[in-house]
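Try each task before you read its solution.

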Amino acid sequence: MTTPDPGRPRTDRSPWNWLLVVPIVLPLLTFLYNSDEPRLLGFPTFYWLQLSFIVVGVVCTTIVYRMTR
Amino acid sequence: MSGHTTELVIFTLLFLVVSGMGFVAARWRRPESIESLHEWGLGGRNFGSWITWFLVGGDLYTAYTFVAVPALVFGAGAMGFFALPYTVVVYPLVFLVLARMWSVSHVHGFVTPADFVRARFGSPTLALAVAITGLVATMPYIALQLVGIEAVLKAMGITGHLPIVIAFAILAAYTYQSGLRAPALIAFVKDTLIYIVILAAVIYIPARLGGWDSIFDAAKAKFDATPAKGDGILLTGANQLQYITLAFGSALALFLYPHSLTGVLAARNRGVIKRNMAALPAYSFLLGLIALLGFMAIAAKTKPVAGANGKPDGNTIVPVLFDQMFPDWFTGVAYAAVGIGALVPAAIMSIAAANLFTRNIYREYLNKNATDAQEAKVSKIVSLVVKVGAVLCILALDPQFSIDLQLIGGVIILQTLPSVALGLYTRWFHKGGLLAGWALGLAAGMWMLYLIPNPATGKAHFGGSAFGLSNLGFDTTMTIYAGFLALAVNLAVAALGTLAFRAMKVADGEDATSRADYFADEGDPRVKELDLSAPH
C-alpha cells in the first residue's frame, strides 16, 4: 500500500483503464463467433471462442490491476 | 424410491455438516460483539481476497443458475449461452465502479446502495425508491433458490414441501445467529463441491456420450427438427441483438443487486476487490461448462421429471442427467452441491434485504436514533421474515410466479443504475430527474414485459425478456432485452428532468460526500474514522 502524496488528490484515472474496454466489447461482437466451423476439440466456434474470451478478460483485468495499484 | 437411497444419504449428510458449520461460523474471526450491522451484516468488513472470492462467487453463481441456465440451453440452445458473455463482461465493467463504492462506503459507514444514494443526493425519497426496488428484486431471487433445491429433491423422487421447509428453517436459524459469517464459511464447501462435480461432469459425461462432437451434433439435429425458429446451436439473425443486449444489460444489473454489494462491502480493502475482479471469471468458466450440460442432456436423451402441473419441469434436466450418468454416491455429492449452492446465496440475499429494510426504512422512518444493537436486532428478525416470505411464495403460489418476478426483478433493478452507479461518477443529475427517470423506466419496463408472450408455454404476458421491435412499429422480427430499452428511457428522462428542474430552479439535495472519499483505502485516516463500535 503506497501512501498518497498529500499535495495531490488521489484518483483512479489511468490510461491503462482503457484496456478494460477490450473484454467488455469483444464478447458482445456476435459476428466474430456465430459460426459452427472451425471446431476445436469438438466445440463449435460459437462455444470455444466465447470460452476463450474469459482468458482475455482475466489477462486485461490483471494487467490493469498491476499497473494501477 | 429405494433406487435413490445412497443419493439421499449422502445428500443429507453433507447438508447436515454444512448446517453445523453455519452455526459454528458465529465464532469464526470472532468479534467482541456481533450486535451491529457492520459485524452481523458485513462480517466485520474485514474479509481478505480468498474469502471474498468464495463469498462473492458463491453469491453470484446460485443454485438456480446451475439449474436454469442448462435448462435454457436444453430448450433453446445458443441463446441460453448468453450467461457466458454476461459474466465475462461484468468484471471489467465494474472494476473501477466497485472500488469507488467500497471507498465511499467505508468512509461514511454505508451498508446498502440506498445508504449511498441518500448521502450523495441528499434525498431520503430517492433512497427509499432504490431500497424498495432492491427489496422487490431480491425477494423472488431468494424464492427461486428453493426451486433449485426442489429440482434436486424431485429427481430423488421426493415430493411434498416438508423437506424444503426444514432446510429453510435450518438456514434461517444459522443466518440469524452468525450473519454474513455463515455463508462466507459455507461458501468454501459449496464451491469446492461444485468445482469437483462440474469438472467430473465435463470429463466423464462426454466420454460416455461419444465426445463433444457428437454432443453438439445431437443438439443440432434436435433443434433442426423442431418447428421453432429461434433455437439452434448458433444464434439466428433475429435473436443476436437480444443476445448482446441481454448479456450487457444483465452485466450492468448484477452489481446493482443489494446482495452482490454485500459481499463487496465486506472486503478488507480496494485491492481485495480489484484482485477479485480478475479472479472471479474462474466461475464464468464453470458456468460456461454448466450451460453445456444442457446439450449433454439432449445427447443423453434425458427426460425431465413432470412438475406439479403435469408438464415436464425443464429445471430437473441437470439432476436427472446426473442420476442417469453418475454412480449413485457421486450423484448424491452432485445433488448436495446444488442444494448447498442454494443456501449460500439465499443467506446473503436475505441479509442484504434485511439490511435495506433496517437502514433505509426502519432507521429512516421508524426510529431515527436507532443504536447499532437495535439495527442488528431488526435486521436479524427481518432476515427471518424474508425467508418465511420466500417459502410461502413457493408453497402458496405457483413457482412460475417467482420466475416471472425474478425476470421483472432484473429489469427493475437496472432502473437504479443512474442513481447508484452513475452517482459514483457524477453529481450532475438532479434528484428529481433521477426519481422521474426511475419511475418512467419502471413503467416502460413493465409495459414491455407485459407485451412479451411465450408461445412454448402458452403464456400471453411476462413470457420472457425478449421484446419484439415490431411492437414499436419496426418491420422486423428482431428482439431486444426489455431491461436495456427501459434503462434508455430512464436515462433520457433523468437527463431531461435534470435540465428541467435546474431551469425551474427547484432545490437539489446536499451532497454529503467529497471527491477524496471515492479513492480512500484501508489505512487512510478517513477510513480509520469508521470505528466499528462508534455510532455513525
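**Exercise 1.** Find how helix 14 and helix 15 of chain B pack in this predicted model.

*Solution.* 
Step 1. Locate the pair: helix 14 of chain B covers residues 281-299, and helix 15 of chain B covers residues 317-325.
Step 2. Take the geometry. The axes lie 10 Å apart, at an angle of about 60°.
Step 3. Name the contact residues. Helix 14 of chain B brings L293(B), M296(B) and A297(B), while helix 15 of chain B brings I317(B), V318(B) and L321(B).
Step 4. Sort them by class: six are nonpolar, with no polar and no charged residues.

**Exercise 2.** Describe the side of chain A that touches chain B.

*Solution.* 
Step 1. Count both sides: 33 residues of chain A are in contact with 39 residues of chain B.
Step 2. Look for helices. On chain A, helix 1 (21-25) and helix 3 (45-68) each supply at least two residues.
Step 3. Find the largest share. Helix 3 of chain A gives it, with 12 residues.
Step 4. Sort this side of chain A by class: 18 nonpolar, 10 polar and five charged residues.

**Exercise 3.** Where in chain A is the pLDDT below 50?

*Solution.* 
Step 1. Start with the whole chain. Chain A has a mean pLDDT of 86, and 87% of its residues reach 70 or more.
Step 2. Pick out the stretch: residues 1-8 of chain A fall below 50.
Step 3. Check its contacts. Beyond near neighbours in sequence, residues 1-8 of chain A have three in the model.
Step 4. Draw the lesson. Where pLDDT is low, predicted coordinates should not be read in detail.

How values were computed: Residues numbered from 1 in each chain as written. Chains lettered and ligands numbered in written order. Predicted model: local features only at pLDDT ≥ 70, side-chain atom pairs only at ≥ 80, totals over all residues. Axes fitted to C-alpha atoms, helices over the stretch in contact; angles between N-to-C directions. Helix = DSSP H or I, 4+ residues; strand = E, 2+ residues; numbered from the N terminus. Contact = placed C-beta atoms within 7 Å. Nonpolar A, V, L, I, M, F, W, Y, C, P; charged D, E, K, R; others polar. pLDDT = per-residue confidence, 0-100.
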